[in-house]
Amino acid sequence: MTANLNILYGVSGGIAAYKSAEVVRLLRKRGAQVRVVMTEAAMQFITPLTLQALSGQPVLSQLLDADSEHAMDHIRLARWADVILIAPATADFIAKCRHGLADDLLSTLYLAATCPVYIAPAMNQAMWSKPVVQDSIQTLRAHGVQMIGPEAGEQACGEVGLGRMSEPSALVDQIYAECIDQLPCLQGLSVLISAGPTREPLDPVRYLSNRSSGKMGYALAKAALAAGAKVTLISGPVTLSAPVEIERISVETAAEMYDAVLARASSHSIYIGAAAVADYSPVTMASCKIKKNEQTLTLVLQKTRDILADVAALPSRPFTVGFAAETHALEDYASAKLIEKNLDMIAANWVGQAQGGFDSELNALHVLWREGSNGICQKQLPMTNKSLLAQHLIRLIADVFNPQLTANT
Ligand code: PMT
């Protein structure tokens, strides 16, 4: 898969530096913009000119180089990068990172980085097995650095063991496999999400409601935000908070949720109906507290308007994703809702079971969507916490909504 990643590629001074030419070539082939930074020692093993020709950019090495500082200072360079890859990383360079030394451009960039950092160690097998090196590796891992390799095999010095730098294709494959999922797959899109329960008042102190906590809908809102979307959240009464970047509109009843969603749906790219909206509400609300004078009490309820079906029926409709909460025949009911409500996608979950569904930290989804004129595709998103599940569902929505967009991210 290709992607327009900005990759800051650091080369430190070991014999495996000769592989850096192939790393740059493969990264460029994947569509990455590559800026190469070399340590002084790295330039003894491969010339900057080679990496400049392959990356199409001047190679940087000096922390206080007037020209390169002018082009992009080290903080801006660190911010420019989506990913930093350091390969080969020598024992000396790894120790610098572990101790926070910043005495050259590459170690300074490592310290200034806020993006994911991948390090591919390369050194003699005896050096690799030294406890002090292993301590540094463990410390950097604990700081969130991703280690790639090293591999076992014959070494340049003639010894055999663990310490060879991973092959360029393996480095590039791992970075792409791990970064693709974190890319902003909804960049430039707007997502409207409904979450939580509704409350249908019976009298001034009582209401009909359900067990929805809002966790699923709020997790989706956060995942959509992290995926680069502008997010509007129509929330029933819950105790959760949302990040300030999310526009939240609080509602109470199904009718209020209907008005809030329908007023905004056409101006959004995607609508996700994760709210547990009341299907029925009392025909009248008593103006005073209902007294317990009788042995039985009959409530007359009327059907609420179906928000999801009406969003899907708008002339200028967003990509419309419904939920289905079922206690039996999950797939049958979900596919019936997909078709009857004319949805683009439906995410079905079991409710009323031991795990998942209402007011649980966990959930699993059976997702169905249309493909072509008649076909229905499906995917199981297995039981996990709602935050991770939401990230998977958002990625799937992005893939189905705009395959071209995600193929390029
Ligand atoms: O909030 P949590 O505690 O995290 O729980 C999550 C959840 C179980 C509530 C959530 O995952 C979920 O399943 N939400 C949909 C619940 C529901 O109302 O399902 P349904 O099968 O009854 O409704 C189908 C769809 O129609 C839903 O998208 C619902 O939002 C929508 N609907 C229903 C009635 C109505 N009047 N208008 C609607 O838009």
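**Backbone features and the ligand pocket**

Asn342 is placed in the loop that runs between helix 13 (330–340) and strand 17 (345–350). In this predicted model, the phi angle of Asn342 is near 55°, which is a positive value in a residue other than glycine. Most residues other than glycine have a negative phi, and most peptide bonds are trans.

Cis peptide bonds are described next. One joins Ala87 and Pro88, with omega at about 0°. Pro88 belongs to strand 3, which covers residues 83–89. Another cis peptide bond joins Gly149 and Pro150, and here omega is about 5°. Pro150 lies in the loop between strand 5 (146–147) and strand 6 (151–154).

The pockets of the protein were then examined. Rolling a probe the size of a water molecule over the atoms shows where empty space is left. The largest pocket holds about 1000 Å³ of space. Its lining is made up of 40 residues, and those nearest the centre of the pocket are Ala275, Ala276, Val277, Asp279 and Ala325. By class, the lining of the largest pocket consists of 16 nonpolar, 14 polar and 10 charged residues. At least two residues of this lining come from each of helix 10, strand 13 (270–273), helix 12 and strand 16.

The ligand sits in this largest pocket. Two or more residues of the shell around the ligand are given by each of helix 10 (215–226), helix 12 (307–312) and strand 16 (319–326). Strand 16 contributes the most to the shell, with four residues. There are 29 residues around the ligand, and the ones that come nearest are Ser212, Ser213, Lys337, Asn349 and Asp359. The shell around the ligand divides into 12 nonpolar, nine polar and eight charged residues.

For Asp359, a backbone N or O atom lies 2.6 Å from a ligand oxygen atom. Asp359 is also among the residues that come nearest to the ligand.

Terms used: Residues numbered from 1 in each chain as written. Predicted model: local features only at pLDDT ≥ 70, side-chain atom pairs only at ≥ 80, totals over all residues. Heavy atoms only, no water. Near = heavy atom within 4 Å. Polar contact = N/O pair within 3.5 Å; in protein donor to acceptor, adjacent residues only side chain to side chain. 1 Å grid on protein atoms, 1.4 Å probe; cavity = no way out; pocket = protein on both sides within 12 Å on 5 of 7 lines; lining within 4 Å. Sits in = over half its atoms within 2 Å of the grid points. Nonpolar A, V, L, I, M, F, W, Y, C, P; charged D, E, K, R; others polar. Points joined across faces, edges and corners; volume = space filled by probe spheres on them.
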